[in-house]
Amino acid sequence: MNANELLIELRKFVLIKSGLRNIDPAHCKVISEYVFQETKNYVSETTIKRFFGFANTLHKFSLFTLNSLSQYIGYADWNAFCKEKENQILPSQSIWQTIKLTAKSITELALVTKKNNSGVPFNYTANRNFYYPDFDYFLKNSYQFTTISAQPGQGKSILIAHMVEHFFYSEHALYKNDIVLLLNVNSINNIIQNGLSLKDWFLKEFKFESLSALVSYFKKHPDKKEGKIVIVVDGIDTFLARTDFFKIFVDFLYSIEENSFLKLVFGLRTNSWVNLQPIITGSAFLTKNWYNGLFYDIDVLSNVPPLNTEEILGILSRLEEKDVTQEDVHPALLKQLKSPFWLQVYFQLKNENFSLELNDPLLCYEQINYFLEKKIFLAKKSTEKIFLLKKISENISKGNKGLRVAKETILTYINDYPDAYEELLYDGILIQEKRLSTAIPTEVVRFLNDDIYTYFLFIQITEKFNYKPSKAFFEYILENYTPKTLIRNYILNWSIRFCINRNEISELKNILKLPFTNEEKNDSFDFICSVSKYEISKPNSNFNKQSINMDFIDILANGRTMSPLYKETVKAISDNVLNEDVQIMLLVIECNIALIDIDKTLLVNAMQSLKRHYKRLSELFPINPYDLILYFHNNLIGKPNESKTLEEKIISLCHQIDKSEPLKNSQITTTEVLAYRMVLLTLFAQKNYAECHRFIMAILNRYPNIFYVRYSVFSPFLLLQLGQTYLKLNYYKKAKRIVEFVEKIIECDYTYYTNFIIVSFSVFKANFYNCTHNYEQAVAETETGLKMASQDDFKIYEIALQLLKIDSLKHCDRPEEVSNAIKELFNFLSLHKISLPEYANLNNFEFDQTFKVLKSYKK
């Protein structure tokens with residue numbers, strides 16, 4: 001046996017002795033302890049890791065290590081182990097079988113190394129069997145060699161490992177009789193460290209002076225040949241970067257005699273293939289013998305496609321140990337994970353107790369940050385690398401093949417820091433390609449991933465503003481990046497993460513106030529929720545229990561969307577904040593959520609906590625919100641309300657507001673917004689429509705331009721509440737003007753409104769059509785509103801719309817549909833185990849009897 005075979009045998013017996021069928025890095029410490037207990041010789045955990053291929057081996061194993069491991073499995077020493085194994089080799093073995101056995105020992109070691117170097121456990125990786133027919137075609141036909149070329153991190157080496165196992169070693173392998181020799185960078189490094197040239201090594205291992213000599217032998221002695229010889233070489237890009245090695249490699253390709261039994265497979269990065277491909281296509285001999293494969297993309301010089309959705313979900317399911325569906329993964333993350341190296345980053349984060357869910361958009365950004373931290377910010381030459389990346393991102397432009405820059409444009413920077421540039425290429429941060437579509441082929445440089453490029457663009461913006469977010473900071477983003485583009489979305493999200501990490505919460509209000517599109521504002525609001533929920537859970541975060549202040553409450557109150565994420569964020573912050581005033585505000589918001597969700601348990605719990613702060617509530621708010629919430633609580637449980645005192649408080653507040661001097665929109669406070677909203681809802685629920693109208697007019701007297709606010713949901717809420725009040729007071733022309741005005745402002749892309757406002761508008765329009773006897777239009781509007789209310793789980797509006805639908809259908813004389821609508825309503829109430837609250841009925845008084853009947857029905 002040669003040295004590699006003996007080491008493989010020793011590894012096998014160490015595993016058997018330790019009672020392990022498979023091994024992972026965690027077992028190495030245990031084996032180290034077993035060896036010490038058995039032999040009293042200490043072999044470190046690190047040495048055991050090197051021995052099993054989990055760490056790079058920069059030198060031969062010491063005789064002490066080999067002796068200790070041999071003694072552990074029952075031999076006197078390493079020499080005794082070797083002698084016994086040598087005696088087990090059968091002398092009658094054919095030359096083909098001898099070569100096959102040697103190649104097998106080398107290949108198995110290379111496979112172990114590949115599996116151990118996989119960023120994700122190898123058995124979790126995608127078995128890309130769609131690629132197998134292509135490789136099988138190559139093996140069966142007359143092509144001499146093929147290349148598996150891909151960008152760094154695209155899963156090239158894992159694909160090679162799967163194919164070697166499938167075609168040569170699996171139970172039903174098609175080519176079990178063939179010789180396969182797998183060499184990777186570790187194999188070649190070991191040869192060089194042993195002081196051998198590749199030629200010397202080949203002679204020592206296979207008893208032939210060269211591969212050409214081996215081919216010539218089997219051509220002369222075809223009877224000795226028992227199949228094909230397949231040599232797979234992967235990970236030699238660092239060698240090919242050297243001119244002398246590159247020339248040796250090219251000469252090697254030319255030296256192979258044409259034959260029917262030798263197959264060569266080269267795994268190459270695209271930047272190596274950039275240099276090699278012109279040589280191959282320029283030679284008729286090499287072109288004839290090169291199989292480029294069905295998946296070869298001439299534009300990127302790669303034949304390893306990105307992972308598809310099914311493969312990604314399969315890997316995630318294995319990592320999560322549960323079935324992961326496409327709905328469980330955020331679309332941006334699914335797109336990111338098409339590059340397998342992001343799955344490696346996710347696996348590393350997961351092992352560090354990372355708590356983000358797969359459907360959280362923040363996960364994409366945390367992965368980028370983690371990856372760059374390891375590869376750039378904490379790496380050698382980080383200053384030079386960051387400088388280069390910023391300069392490259394600065395010069396990149398959008399071309400027909402993506403974001404890239406001509407190498408000549410940045411050549412000065414590359415020449416200043418050549419080592420840093422080479423490392424960026426090797427680490428897969430940058431990709432260097434040839435653009436062949438131009439008159440003169442030119443070299444271009446791009447980022448491996450557009451997300452990384454966007455990050456460095458963002459870094460430049462922060463530097464421009466001295467790392468201080470401000471109104472000017474967000475105005476710069478607004479003016480320099482096109483609306484509704486991914487790049488502006490990414491820049492905004494990096495900015496949100498930056499502000500929350502630094503606890504610069506007040507600056508986030510600029511996103512809502514500046515004329516970003518409504519979609520951007522809603523997406524940004526959701527991302528603020530994601531980041532804040534995550535940051536509050538982290539130790540040592542700047543956004544923490546002590547630091548959360550009213551600025552964050554201002555954002556929550558002005559951007560109320562009622563989404564599940566919003567509710568989770570309110571709960572997470574409420575459970576972790578120490579500031580009493582902030583805690584009070586969050587409890588008031590929780591009560592609002594509970595009333596919309598008709599969640600009695602949440603409402604009672606929040607009210608109990610709120611009651612402990614009753615005195616402070618009176619100091620903070622223009623009217624104590626606990627009294628207003630109590631009114632709705634009693635309404636919800638069917639308890640009579642002592643409303644006279646509350647009514648007096650509301651009237652007193654109305655006079656106070658009405659007498660105040662006019663103020664600017666910017667002067668309205670969050671406590672006012674929350675209080676006024678609840679007062680108006682209370683008056684409406686009490687059917688005190690005249691006072692509701694007076695209260696809105698008082699607010700308009702204090703804030704004359706409040707309806708022109710485009711950055712807060714309070715303005716459209718107030719408009720819609722006025723519209724509903726006009727309907728109850730029979731001011732239908734005024735109500736119609738509000739319908740038209742709201743439609744107009746919603747058409748403006750820079751108005752901030754949420755799905756909750758859109759459904760509120762549907763409720764108002766349906767009610768308007770009912771009141772004006774346009775019952776068919778009312779039915780159509782309720783259907784539209786119900787669809788969205790159901791999608792977003794706005795329970796109170798689902799009930800209100802169902803009641804409006806029943807009333808509309810009754811007037812349309814469609815009794816069967818009325819019956820079905822009533823059944824739908826009762827099924828909804830039964831499914832969610834909720835009652836029919838009085839404040840959900842927005843129909844006119846003639847519907848009151850129907851409502852009483854519906855409310856009294858017990859299923």
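Tutor: Let us begin with Glu-743, which is partly exposed, its relative accessible area being 31%. Please bear in mind that this is a predicted model.

Student: Why is Glu-743 called partly exposed?

Tutor: The term covers values between the limits of 20% and 50%. Glu-743 has a relative accessible area of 31%, so the residue is called partly exposed.

Student: Is Lys-765 buried or exposed, and how do you know?

Tutor: Lys-765 has a relative accessible area of 13%. Buried means under 20%, so Lys-765 is buried.

Student: How do you know that Asp-627 and Lys-649 form a salt bridge?

Tutor: Their closest N and O atoms are 2.9 Å apart, and the limit is 4 Å, so the pair counts as a salt bridge. This pair also links distant parts of the chain: Asp-627 belongs to helix α33 (residues 625–637) and Lys-649 to helix α34 (residues 643–659), 22 residues apart. Asp-627 is buried at 15%, whereas Lys-649 is partly exposed at 36%.

Student: How many salt bridges does a search of the whole structure find?

Tutor: The search finds 39 salt bridges. One of them joins the side chains of Lys-115 and Glu-165, at 2.4 Å from N to O. Lys-115 lies in helix α6 (residues 95–117) and Glu-165 in helix α8 (residues 156–169), so this pair ties together parts that are 50 residues apart in sequence. Both residues are partly exposed, Lys-115 at 29% and Glu-165 at 26%.

Student: What makes strand β3 largely enclosed by the rest of the structure?

Tutor: In strand β3 (residues 229–234), 6 of the 6 residues are buried, so the strand is largely enclosed. Both of its faces are covered: Ile-229, Ile-231 and Val-233 are buried on one side, and Val-230, Val-232 and Asp-234 are buried on the other.

Student: How do you know that strand β2 and β3 pair?

Tutor: Pairing requires at least two bridges. Strand β2 (residues 179–183) and β3 have 5 bridges in the parallel sense, so they pair. β3 and strand β4 (residues 262–269) likewise pair in the parallel sense, over 6 bridges. Ile-231 illustrates both pairings, as the bridge partner of Leu-181 and as a residue whose own partner in β4 is Leu-264.

Student: Why is Lys-390 called buried?

Tutor: Its relative accessible area is 17%, which is under the 20% limit, so Lys-390 is buried. This residue is in helix α20. Leaving aside neighbours within four places in sequence, Lys-390 is in contact with Phe-456, Ile-459, Gln-460 and Glu-463.

Student: What is the phi of Lys-207, and why does it deserve mention?

Tutor: Lys-207 has a positive phi of about 65° although it is not a glycine. Most residues other than glycine have a negative phi. Lys-207 is in the loop between α10 (198–206) and α11 (211–220). With a relative accessible area of 63%, over the 50% limit, Lys-207 is exposed. Lys-381 also has a positive phi, of about 60°, without being a glycine. Lys-381 is found in the loop between α19 (362–377) and α20 (382–395).

Student: Which residues lie nearest the centre of the largest cavity?

Tutor: They are Leu-681, Phe-717, Gln-721, Tyr-797 and Tyr-839, among a lining of 24 residues. The largest share of this lining, 5 residues, comes from α35. The lining divides into 18 nonpolar, 4 polar and 2 charged residues. About 500 Å³ of space lies in the largest cavity, and the structure holds 6 cavities of 30 Å³ or more.

Conventions. Residues numbered from 1 in each chain as written. Predicted model: local features only at pLDDT ≥ 70, side-chain atom pairs only at ≥ 80, totals over all residues. Heavy atoms only, no water. Helix = DSSP H or I, 4+ residues; strand = E, 2+ residues; numbered from the N terminus. Buried < 20%, exposed > 50% of the residue type's maximum accessible area, 1.4 Å probe, protein only. Contact = heavy atoms within 4.5 Å. 1 Å grid on protein atoms, 1.4 Å probe; cavity = no way out; pocket = protein on both sides within 12 Å on 5 of 7 lines; lining within 4 Å. Points joined across faces, edges and corners; volume = space filled by probe spheres on them. Nonpolar A, V, L, I, M, F, W, Y, C, P; charged D, E, K, R; others polar.
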